[in-house]
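Have the structure open as you read.

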Amino acid sequence: MKKNPNLRSLVAQSVEQVVEQGQSLSSVLPVMQKKVAEKDRALLQELSFGVLRTLPQLEWLINKLMSRPMTGKQRTVHYLIMVGFYQLLYTRIPPHAALAETVEGAVAIKRPQLKGLINGVLRQFQRQQEELLAEFAGTEKRFLHPEWLVKRLKKAYPQQWQQILEANNQRPPMWLRVNRNHHSRDEWLALLEATGMTGAVHPDYPDAVRLDAPAPVQALPGFAEGWVTVQDASAQGCMRFLQPKNGEAILDLCAAPGGKTTHILEVAPEAAVLAVDVDEQRLSRVYDNLKRLGMKAEVKQGDGRTPAQWCGEKQFDRILLDAPCSATGVIRRHPDIKWLRRDRDIPELVRLQGEILDAIWPHLKPGGTLVYATCSVLPEENSQQIAAFLQRTADARLEQTGTPEKPGQQNLPDAAEGDGFFYATLIKQ
């Protein structure tokens, strides 16, 4: 009989691949989840997300409790000890079980000789936990973010930076978008409540429902039939500014995985939608979403900086540019962003965003609407980006969102609200 793999060792390997190799958790985790029974997949995800969310604290504890760090082939043990700390600090797993399973993880990664070391470090932590945590609370590491990002947020939001960091460190709420072609939001909410689940509506976004407790999508009424889609409230806000209409030619640029493409078609089922993304692999998700919802759109692989290659001279009534960005507004959903992004990435992203804006603007019809959106909270990618575009683009006018001096609407991440998100509505004169 096949022996169950040690889940803690898989978490350690997942975290190592993110931190040491720069891989995204969303690409690492599905591979690891296939190695465990279905009932254990949620725990594998919870521990992987949790360790990455609290990484600076776990790293600090290791440095306190060990005379020298684990290096080379023993590096996975470093992350395995972190998995032990995280369970003792943040989960309801009984301490004896957390310790036993973590220590056993050394065997799974072929380091059985280090079982005693792992056990010793974790037991020492248990004995000194109170004083260690009190000391940690007085350090800069307590914000659980890289220093470069804390510095940028302090500068951009002198009053709110701590609130943003705190929101980033929370587990995200589960937001849904009700497909208005099947039910109104309130009708679907009644169906949800009939199953014993409950949710709350959003004051500004008419299709949005926040589940009071996250649930598997299969448990949601009509998910397979396309009645409802998982999508954060702030992402749903794009439609408030785009306002698509039937019969219009609409471009969804940087469209993968297709959440906004399908939302456009829910609002305007007879619009001619072109969904474009540079990443061919991620486009498969756009096809999957269209299929589940029974919708049709033209889907193309293409670079936003060279639109003539994929749409010729065509012009659109509306363009949604969900620009590539630092993703600093969705850290609570993707804690690996804190460790994958670098300070030097920001100027490069700002340049790329500007190039895409300049390249796609000629493809907007006179009188047409372009909505520029990012899931970032950094002004360089958002208000400053749009202010610079307005200065160099004579036929662009800002509408609905902010002022020419500080253009756009910036949402900050909030426990009961949506993710950090930015929108700017531009009209071609």
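The paragraphs below look at an annotated cysteine and then at salt bridges.

This is a predicted model, in which local features need pLDDT of at least 70 and side-chain atom pairs count only at pLDDT 80 or more, while totals for chains, interfaces and linings use all residues. Residues are numbered from 1 along each chain as its sequence is written, and side-chain values use heavy atoms, leaving out hydrogens and water.

Begin at C375, which an unreviewed UniProt entry annotates as "active site"; such annotations use the numbering given here, have shortened feature names and may be inferred rather than shown by experiment. You will find C375 in the loop between β9 (364-374) and α18 (383-392). Helices (H or I, at least four residues) and strands (E, at least two) are DSSP runs, numbered from the N terminus. With a relative accessible area of 17%, C375 is buried (under 20%; exposed is over 50% and partly exposed in between, with a 1.4 Å probe and protein chains only). Beyond its neighbours within four places in sequence, its contacts (heavy atoms within 4.5 Å) include C325, T328 and F421.

Now for the charged pairs. The whole structure holds 21 salt bridges, each a side-chain nitrogen of Lys or Arg within 4 Å of a carboxyl oxygen of Asp or Glu. One joins R318 to E248 at 2.6 Å, N to O. R318 sits in strand β8 (residues 316-322) and E248 in the loop between α12 (238-242) and β5 (249-253), 70 residues apart. R318 is buried at 12%, and E248 is buried at 14%.

Another salt bridge pairs D419 with R333 at 2.7 Å, N to O. Through shared partners, D232, R332, R333 and D419 form one network of salt bridges.
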